[in-house]
Amino acid sequence: MSVLWSGKPFMKKTLVKLIIAFVVVTIILSPVFIFVPVLIPFWLAFCLVFFLLYYFNKNAYTYFITDKSVRIEKSWFFGSYTREITFDQIRDVHVMQGLLARMFNCGSLVFTTTTGLEVGYVGGGAAVGRGVMVGGGAAAPTIVKGGGNMFWDILEPAKAREILMGKLTEWREVFQQQKIAASVEKIAEKTASPTPPPQQPSAAATETIVDQLERLKRLLDSGAITREEYEKAKKKLLDEKL
């Protein structure tokens, strides 16, 4: 199985995103810190722990596109995870980019598989898959992103999708040709002329010498043949059987 493409999450965008989130939330909470300054060390400690966990969790992923599947691997100190999605399971590939991701030319490839677990429905009176249900209105489909069904924040996601879709198209064409060939072969087997049954021996071939002698005797008794003809036929039968 040859690897056509491999990559990891683009962590520079993640760093910028975490810094922006930290600054914005700190500004929002600044009135609280002014009146209760003792909370500042706890806030900084929380942000540091969250940052480290988020950063190393994301950086633990490695992604591969092979000639037969896409593979998602994760390895870090909390454990490891591997998922391989073969081409026959992939129904669609989505490129998802936010404003910050577009600035860094990165984004996520999200795979919709035959299981349908990546598709949820928002709204209406029911929820399907992993979607979140809210009250009122008609249900609308939505793609649910998760670590096991996407390439998270990879560089040049459109290029990776192009490689994958090209291989998917090639694989589907070969698969369809194989299906057509198998169908044609089955039709040919059904329409082929059946082997003729073995020829049954005629009544004369299965007739025993006793039966033939009795038939000759009846012909003699009825006057259909003479005694001389009877004797000649009888001798011929006996010579053939010897």
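Glu170 and Lys167 both belong to helix H4 (residues 157-191) and stand 3 residues apart, about one turn of the helix; helices (H or I, at least four residues) and strands (E, at least two) are DSSP runs numbered from the N terminus. The model is a predicted one, in which local features need pLDDT of at least 70, side-chain atom pairs count only at pLDDT 80 or more, and totals for chains, interfaces and linings use all residues. Residues are numbered from 1 along each chain as its sequence is written, and side-chain values use heavy atoms, with hydrogens and water left out.

**Exercise 1.** Determine how Glu170 and Lys167 interact.

Step 1. A salt bridge requires a side-chain nitrogen of Lys or Arg within 4 Å of a carboxyl oxygen of Asp or Glu.
Step 2. The closest N and O atoms of Glu170 and Lys167 are 3.3 Å apart, and the two residues form a salt bridge.
Step 3. By this rule the count comes to 6 salt bridges.

**Exercise 2.** Which residues are linked with Asp153 in a network of salt bridges?

Step 1. Lys13 meets Asp153 in a salt bridge at 2.8 Å, N to O. Lys13 lies in helix H1 and Asp153 in strand S9 (residues 150-155), so this pair ties together parts 140 residues apart in sequence.
Step 2. Asp153 also forms a salt bridge with Lys58, with the closest N and O atoms 2.4 Å apart. Lys58 is in helix H2, 95 residues from Asp153.
Step 3. The network therefore links Lys13, Lys58 and Asp153.
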